[in-house]
Amino acid sequence: MKKVLALVLAIVMIICFAACGSKSSTAAAEPAAEGSAKLLDKPIVFKVSYVENPDTAMGTIMPEAFTKAQKLCNDEIQFEFYPSAQLGNEADVMEQIANGAPIIGVAGYDDMSATVPACIPLAVPYVFESIEEVCNFAKSDYFEDLRQQMVSSGYVPMCSGSLGIRHFISTSPITCAADIKGKIIRMGNSNPCQSYITVLEGTPATTAWADNYSMLQTGAIDGCEASIDLLWSSSLQEVCSDLCLSGHLCTPFMFVTSPENWAKIPAEYQKIITEALTEGTIALAKAYDQDSASYVQKFKDAGVNVCEDPDIESFKEGILKEYDYLGIDRSEYDRIRAAIESVM
């Protein structure tokens, strides 16, 4: 009987060892799929805010870039989209970010100039001469120094690009800088944008964008400026006779978030997000550039006089005048231009 019992126990032990060995072999033969390893205990969710509508280039191209980043981050970093200023205007969103909200928002050098003084020289019209310059500038040592100052002020730039080239539309011709004199021009509310009109001896105005139509119609303002697609979509061709392709701002922008929330993202995912968003901003810049000619034709067809060859050099004379007005050393312009040229 003892022999039988010993034999049964031996057989059970053999079966157990075989089972364990089989399980170990299976685990070795089927490693986890590449990229499936989790780096976080639970997903981090960011709200992505921008003022453009969903059917614009921003509203279609950049969500695709964020979605690509989310997928490559194994859905551990997630993005929810809030277009059309649902979370507030740029200033509102910047304040929320500074207060630690898990938000990613759009900021231009003009928006950032109030809290990051180093951004002021970059927000002056004509410092950048093309969308390509804006996109490449992010590769420069100058931008890296600026980035550190932005982080110290509570904002981490995640990518850098352009929201299209801005032009003047008005109720009387603008063909050179002298034509600004005496006119009331609606500009962005940042000091660099406002001051540019001042040094050209015009009067800057700040109004809600939605009020521009009626103010132009009644003569309360003589002109305003924006990217050509926004000028058209706002129906300003109905109340303005002249469009000047001044190209005074290439509308640099960055997606930014707070250092605290950025630090929660593993370095591997930070790299993925930065690369995906950079690709998105390049595609966005190309879209704005390609659409420009078609909008020019729309304005012509609507009966608007289009000045396609304004005196750009006269407009550029305002750069150093504005630097003087703002108390910026003129040599800063040379430093910026040298940084741009170093990465072109």
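**Exercise 1.** With the side chain of which residue does the side chain of glutamate 225 make a polar contact at 2.8 Å?

*Solution.* This is a predicted model, in which local features need pLDDT of at least 70 and side-chain atom pairs count only at pLDDT 80 or more, while totals for chains, interfaces and linings use all residues. Residues are numbered from 1 along each chain as its sequence is written, and side-chain values use heavy atoms, with hydrogens and water left out.

Begin with the position: glutamate 225 lies in strand S8 (residues 223-227), a strand being a DSSP run (E) of at least two residues, numbered from the N terminus. Glutamate 225 is buried, with a relative accessible area of 2%, where buried means under 20% relative accessible area (1.4 Å probe, protein chains only).

Next, look for polar contacts (pairs of N or O atoms within 3.5 Å; within protein, one must be able to donate a hydrogen and the other to accept it, and residues adjacent in sequence count only if both atoms are side-chain atoms). The partner at 2.8 Å is the side chain of arginine 166, and the side chain of histidine 248 makes a polar contact with that of glutamate 225 at 2.9 Å.

**Exercise 2.** Find which other residues are in contact with glutamate 225, leaving aside its neighbours within four places in sequence.

*Solution.* Take contact as heavy atoms within 4.5 Å. With those neighbours left aside, the residues in contact with glutamate 225 include Arg166, His167 and Phe168, then Arg186, Met187 and Gly188, and also Trp209, Leu231, His248 and Leu249.

How values were computed. Helix = DSSP H or I, 4+ residues; strand = E, 2+ residues; numbered from the N terminus. Buried < 20%, exposed > 50% of the residue type's maximum accessible area, 1.4 Å probe, protein only.
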